[in-house]
Amino acid sequence: MGLKDDIERYKQVGENRRQDLAEFIQYGDLGRSRRDSVQIPIKIIDLPEFAYDQRDMGGVGQGEDGTPQPGDPVGEPQPDDDGEDGDPGEEGGEHEYYEMDPEEFAEELDERLGLDLDPKGKRVIEEKEGDFTDITRTGPTGTLDFERLFKQGLKRKLAMDFDRDYIRAALQIDGWGPAKVFEWARTEENVPVSKAWVENEYEEMPREERGIYADLEAMQSEVEKTDTAQRIRREGIDQIPYRREDERYRYPEIIEEREKNVVVVNIRDVSGSMRQKKRELVERTFTPLDWYLQGKYDNAEFVYIAHDADAWEVERDEFFGIRSGGGTRISSAYEIAKERLDEEYPWSDWNRYVFAAGDSENSSNDTEDRVIPLMEEIDANLHAYVETQPSGNAINATHAEEVQQYFKDSDNVAVAYVTSPEDVTDAIYDILSTEEEQ
Amino acid sequence: MSDSETPITAPEDVQMQREAERLEEPVREAAALATKLGLEPYPVNYWIVDYDEMNELIAYGGFQQRYPHWRWGMQYDRQQKQGQFLGGKAFEIVNNDNPAHAFLQISNSLADQKAVITHVEAHSDFFSNNEWFGMFSKDPDAAARLARHGETIREYMQDPEIERAEVEKWIDHILCLEDNIDQHQPFQPLSGDEEVPEVDPEEVVDQLGDLELSEEVRQQVFDEEWLEAQREDEDTTSFPAEPEHDILAFLRQHGMRYDPDAGKAQEMEDWQKEILEILRAEAYYFAPQKMTKVMNEGWASYWESLMMADENFAAADEFVTYADHMSKVLGSGGLNPYSLGLQLWKFVENTANRRHVVEELLCVDGITWRNFHDTLDFQHVLELLEPADLVSSVDPENLDSIDPDDPRIDAEALEAAQNGEIDLEKYPWKIFTYEGMAERHYSLTKPANLGFLNRISMEELERISRYMFDDSKYDSIEEALSEIDYTVGWDRMREIRESHNDVTFLDEFLTQEFVDEHNYFTYEYMQSSGDYRATSTDYRDVKKKLMLQFTNFGKPTIVVSDGNYRNRNELLLEHQYNGVALDLEQAKNTLERVFELWGRPVALRTIEKRYDEHDIEVARRRDSEPEPEETGLEIRFDGREFTEHDVEWSKVSHLAATDIDYDTKPEEWLA
């Protein structure tokens, strides 16, 4: 024991309480995150105490240049800054954040949405030749036979894995405590569960969830036991138990090492009709997509294009904030996208994603005459258009529909509709699963 | 004190040892300087630690050994992140103990080390002299005590008979109530089982049977009436007689644990009782620090700044770093206890000095409170008050002209300096007495305070003159000011640091002048507009809000009202409502924890503020604020679910304080 232990315990407590990923994407504060680090708020980690209602309490502030006069708005009060002496946990109301890198984010999103995007290596970065095809127990890390290691690990996992929901449900049988459930699982169900796991689950289970089934039969009629293979197919696997004894190293034959690299083009309509709400919806949809692809690929590059009747390339920082006047001509953005991709990201070397978003308003005939042909010309793993219309459809907002109609048999074009934050996760799923089906 | 006694400890490591040697002199001289300034610190033991150890210490609330708990991990994590983003402030950690223990981080610059050392000496003075710190114990033996606590709890966690998770949860439950003690009373340890043995009538019936008394005796002495009385007694026993503030003590004496397997309350296990008492003791130990944060931090900042900047404790090249450090500590946003405290102490000093000067001036023939501002040439007054050359500068080459009998001169030190035993270039203050130092650092003639004297209000002048008897004692201003006592400011400050806590400190010394000078204002949440608005710059309002923030640790007062509520041994807590509502969500979460420590249903009575949607709408249109309706509310938790119901006003009216009002919204805003 010691501080290390305390930190470990804190991490466990924190991890259990971080905001659900889907909830975070839909409603969370995305602004704190950077492209390489996703900050997910942890729900109140501090212990509760008898406290005043923060709003009813009011407070005292100190003006910097002059004092605000009665009636002046003063913004949200800042929590007191006093991180010392014997009062840890005094800074109530402060948010803690759980930090994820994009890899973890992508993994979690796969798990949460049931995605399984398998990135393809494209550009060949190295070619190696060698005579040895031997397999040994030691070797440089780069030659580790990971597939074998993975398979062995998977076997292990299958042997050790069990249907957690099913056992958990047994804990909800009236009168069944952890000891009883453990005995039942081990003897009757032949499930490799540990006693500690059962006890821990029981502890974690909110009181009101206990005892909801009258008896074992009632539980079994509600909860179906699924076997491991089915479950893994459905939920994926979050962790494989790797063991040193499974490691084998391969002396390379000729191996082409391909880098999994991706370029993502984000296109956004910034014309006058794209008001605050619509802009937010675009940000909510695009940002997680960026994180996801960055997490999936070894090397990710991003191109941001804003357009009204004309298009121009911008930096990410400005991308979601820009507003201009002017009309809308979506093809202008695709022209720039094509130019940039052809010049710097040849299709033979790069995975390409082209995401566009707007409120589906476009100048007449532009969709049919210019955008659709351009979309056909630009080779890409996936083209997507995200329509953001918080208030349903406007009369001349037909771009999404036209694109969808035209490409309805195509397997690399996705169209998604987002009218409120609730739709965001579905839209992300629609977009990412389109490619997966290829 | 000779070099060998210098209380710095460093691990067996060349670098650490070298740092310890480098700091020997500053540590010795800081203690000497503090004493010269009239402070009486506990002796301080300094420890040289590395960056990681420092972060650990911070996480553990300043101690090396604490009980295992995730919140230390949380604290450490925050600390790390703050360090990353704020570029690592030089932290001062000092424990209230005799001797006090303080920690110096090896990687700090010399300027930072010196700042920490001077700061620590002042804290140590505060610990040893403030009477609120005496409430826990005159000899807290804190480090050893907390280490012992840690050891006990660690042993329970490792005991194979006890689930570690159970111990952790038990600690969590108790920590939710760590502020619910009676911090205004001295700590009373609860060692054994103090419970008065209760008479169980059914048991008595059995025992009477066992006694084999003759039926006659039984009938006559222990008749049904007697037994009935015993039963009734039990039924109607409502305790405590007076509302109990120390909820932890009450739970320790009368609480039980809920046993989910048995589905009922059981007596607490020995380990549960012991941990409850341990954490209660720690709550009492840390209470004075929480109660004197503004004063204590301000006090330390005041003396640190005087020693470092005004007494050149930092060498010229170190001073820039020091000033930078200082601005980080004092400028860290929000309401900052360091800066509020520092400002208040300076204000106290200036006010005491000014009062003394004004008293003397009003004794000059022809000067009255009415003509004070018109008659006096303040420029001239300040010139007269200017410290004498004797104390303001020291010329080591020219010591012979100094009169060793001058009360401002430390004759012994003067002699030593003349013999070349004292380095006056570095430590000029050594040849002065306390009186000399007070004049040397006189507040009213410092550039920052030049306007303070003539800013005195007519009211204050009149108030002072009311108690003057001999108003023409002096013929001239010069005569009046020739005998000025330069020590009154510091004397007054030391008096105040003995008896006050933050609440009384703010109550007594926060004035309109102070609030205006430092731009303080109050704010409230507006129901109508849904945002926070500034409401007042009146010092009475600022004071109200600050009192709310500092009284009872800034927490609502919750007391045990009845330990036999509903005649079923349920626990009734009451919120003594001061016009500011409870955070009901948190209160419910806390009640769940109280249930675990009581073992039987628990209830809380409070007063809720309700706003009518229609009233809010009307207020919004009229640009005013709606009036809430105050309603009695009882929340009960039986271990499974919450029930809430309104209670009659008569049952909560005793909870509502009518004589205080923390609302600072102007009257005319209310609908």
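Trainee: In what order do the four strands of the open sheet in chain B come?

Mentor: Keep in mind that this is a predicted model, where local features need pLDDT of at least 70, side-chain atom pairs count only at pLDDT 80 or more, and totals for chains, interfaces and linings use all residues. Residues are numbered from 1 along each chain as its sequence is written, and chains are lettered from A and ligands numbered from 1 in the order in which they are written. Strands (E, at least two residues) and helices (H or I, at least four) are DSSP runs numbered from the N terminus, and two strands pair if DSSP finds at least two bridges between them. The pairing here is mixed, and the order is E1-E2-E4-E3 (chain B).

Trainee: Which are the edge strands there?

Mentor: An edge strand pairs on one side only. In this sheet of chain B, that holds for strand E1 (8–9) and strand E3 (93–95).

Trainee: Which residue in E4(B) stands opposite Asn95(B)?

Mentor: E3(B) is joined to strand E4 (residues 100–105) of chain B by three bridges, and the two run antiparallel. Opposite Asn95(B) you find His101(B).

Trainee: Which helix packs on that sheet, touching E2, E3 and E4 of chain B?

Mentor: Contact means that the C-beta atoms of two residues, placed from the backbone, lie within 7 Å. Angles run from 0 to 180 degrees between N-to-C directions, with axes being lines fitted to C-alpha atoms, for helices over the stretch in contact. The direction of the helix makes about 135° with that of E4(B), and the helix is H2(B).

Trainee: Now the interface. Which element gives the largest share of the side of chain B that touches chain A?

Mentor: In total, 72 residues of chain B are in contact with 55 residues of chain A. Elements that each supply at least two residues to chain B's side include helix H2 (51–59), helix H3 (70–86) and helix H11 (270–291) of chain B. Eleven residues, the largest share, come from H3(B).

Trainee: What is the bridge partner of Gly61(A) in E7(B)?

Mentor: Strands pair across the two chains here: four bridges join strand E2 (residues 59–62) of chain A to E7(B), running antiparallel. The partner of Gly61(A) is Phe521(B).

Trainee: How many of the 25 residues of H14(B) are buried?

Mentor: A residue is buried if 20 or more other C-beta atoms lie within 10 Å of its own, exposed if 12 or fewer, and partly exposed in between, with C-beta atoms placed from the backbone. Across chain B, 43% of the 671 residues count as buried. H14(B) is largely enclosed by the rest of the structure, because the number buried is 21.

Trainee: Over to chain A. How many bridges pair strand E8 with strand E11?

Mentor: Both belong to an open sheet of six strands, in the order E10-E9-E8-E11-E12-E13 (chain A), with mixed pairing. Val264(A) has Tyr353(A) as its bridge partner in E11(A). Strand E8 (residues 261–269) and strand E11 (residues 351–358) of chain A pair in the parallel sense, and the bridge count is seven.

Trainee: How many residues of strand E12 of chain A are buried?

Mentor: E12(A) is joined to E11(A) by six bridges, running parallel. Both faces of E12(A) are covered, with Leu382(A) and Val386(A) among the buried residues on one side and His383(A) and Tyr385(A) among those on the other. For strand E12 (residues 382–388) of chain A, the buried count out of seven residues is seven.

Trainee: Last one: at what angle do helix H4 and helix H11 of chain A pack?

Mentor: The residues that meet include Phe105(A) and Leu109(A) in H4(A), and Trp291(A) and Tyr292(A) in H11(A). Angles of 65 to 115 degrees count as roughly perpendicular, under 35 as roughly parallel, over 145 as roughly antiparallel and the rest as oblique. H4(A) and H11(A) are therefore roughly perpendicular. Their axes lie 7 Å apart, and the angle is about 105°.
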